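Dear colleague,

Please find below the structure that I am handing over to you. My notes on it follow directly after.

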Amino acid sequence: MAKRYQIGLVIPLRGPGGIFGPSCEAVADLAAAHLNDNGGILGREVAIEVVDASGPPAELRGRIAGLLDAGRIDAITGWHISTVREHLSSVVADRVPYVYTSLYEGGESRRGIFCSGETPGLQVGPALSWLRRNMGLRRWAIVGSDYIWPRRTARVVRQYCRAFGLDLVEEIYVRYGTPSFAATLPRLEASGAEGVLMLMVGSDAVKFNRAFARRGLHERMVRFTPLMEENMLLASGADATENLFVAAGYFKSLATADALDLMSAYVERFGPGAPPLNNAAESCYEGIMALAALSDRARSAELSDIVRHSTGVGYEGPRGTMTISGGHTHQTVYLAAAGGYEFDVIGALEPMT
């Protein structure tokens with residue numbers, strides 16, 4: 001019997017991003033089962049090894065290096081923050097394919113790293129343009145966690161502000177895993193901003209939404225974020241998400257045939273009480289499907305073969321047709337408004353050129 005194809009699923013199980021963990025594990029199990037029902041990857045049974053991404057980076061690097069040295073993983077994928085990607089890249093380099101599934105700040109070009117998540121040109125820029133045209137929002141503030149993704153995304157946002165005639169009137173960065181926004185909210189209130197761009201993860205964004213609404217700012221300012229999924233929406237509560245817009249490649253409420261197929265398969269396998277299907281989890285499904293498509297095109301599990309044959313690789317997933325080019329996937333991104341405990345999808349956004 002052929003050796004199993006082992007995928008290291010690197011996801012946060014604790015901390016701000018831990019809210020995504022159960023959904024990510026469940027959907028990865030679904031993806032592996034789907035592949036195994038159809039011959040696996042290169043005729044090998046697919047197995048998932050979950051690795052917690054929420055610990056100290058040095059500890060995580062050691063864990064992944066140990067798994068690679070022991071021959072226990074053939075590829076890596078998963079949703080985790082950009083800081084984790086930066087630490088893993090040097091360990092994984094030139095050893096196994098790595099599909100990074102989270103939305104991120106863009107710019108990744110290292111050999112063997114494939115990014116299947118959304119980037120600012122697909123997500124943030126088009127949404128700011130839409131909100132200016134349709135809601136007249138011109139004055140913006142940024143509230144973000146103090147690490148790579150928010151800081152580098154803010155650089156791009158400044159370019160969008162110049163292009164669209166927007167004013168960036170305030171930038172506030174808080175510790176990842178911050179316990180309080182008591183010092184942040186008065187600055188927002190005094191800024192004169194009409195909109196707040198939220199660049200926070202998981203429970204940090206949940207705490208911000210609740211504090212923002214308690215101060216009554218949800219009645220005076222629009223919030224927009226590229227990272228808000230169903231778990232975060234539920235945890236924030238309907239009263240704390242008024243005037244909140246989100247841009248993403250996937251929503252559970254997205255009524256496309258491919259998205260509905262995933263929802264049907266997910267509920268059939270795990271039942272209606274399963275962890276809510278969401279963007280972060282669905283991205284892990286995409287990551288596993290991307291690994292399968294890359295290996296199938298190369299007819300090999302070797303990184304050098306995969307890289308050589310990667311351009312133009314396509315596959316059908318819950319987000320529709322995905323095509324890999326330059327280490328990134330081309331995909332449709334949608335704008336939605338928070339409506340109680342679900343997202344009301346407004347429509348597809350036009351990507352930046």
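**Findings**

Ser116 is buried, as its relative accessible area is 2% (buried means under 20% relative accessible area, exposed over 50%, and partly exposed in between, with a 1.4 Å probe and protein chains only). Please note that this is a predicted model, in which local features need pLDDT of at least 70 and side-chain atom pairs count only at pLDDT 80 or more, while totals for chains, interfaces and linings use all residues. Residues are numbered from 1 along each chain as its sequence is written, and side-chain values use heavy atoms, with hydrogens and water left out.

Ser116 lies in the loop between strand S5 (113-115) and helix H4; helices (H or I, at least four residues) and strands (E, at least two) are DSSP runs, numbered from the N terminus. Apart from neighbours within four places in sequence, Ser116 has contacts that include Val99, Tyr100, Arg319 and Gln331, where contact means heavy atoms within 4.5 Å.

Helix H5 (residues 148-164) has 17 residues and spans 24 Å from its first C-alpha to its last, close to the 24 Å expected at 1.5 Å a residue; the expected span is 1.5 Å times one less than the number of residues. Among the buried residues of H5 are Trp149, Val156, Tyr160 and Phe164. The cover over the buried residues of H5 includes helix H3 (82-92), helix H4 (124-135) and strand S6 (139-145). Just after H5, Gly165 takes a positive phi of about 70 degrees.

H3 and H5 pack at an angle of about 105 degrees, and their axes are 7 Å apart. Axes are lines fitted to C-alpha atoms, for helices over the stretch in contact, and angles run from 0 to 180 degrees between N-to-C directions. H3 is therefore roughly perpendicular to H5 (65 to 115 degrees; under 35 counts as roughly parallel, over 145 as roughly antiparallel and the rest as oblique). Ser82, Thr83 and Glu86 of H3 meet Ile148, Trp149 and Arg152 of H5 in this contact.

The whole structure contains zero disulfides, a disulfide being a pair of cysteine sulfur atoms within 2.5 Å. For Cys24, the closest cysteine sulfur is that of Cys284, at 3.7 Å, which is too far for a bond. Cys24 is buried at 0% relative accessibility, and Cys161 is buried at 5%.

Ala47, in strand S2 (residues 46-52), is buried at 11% relative accessibility.

Kind regards
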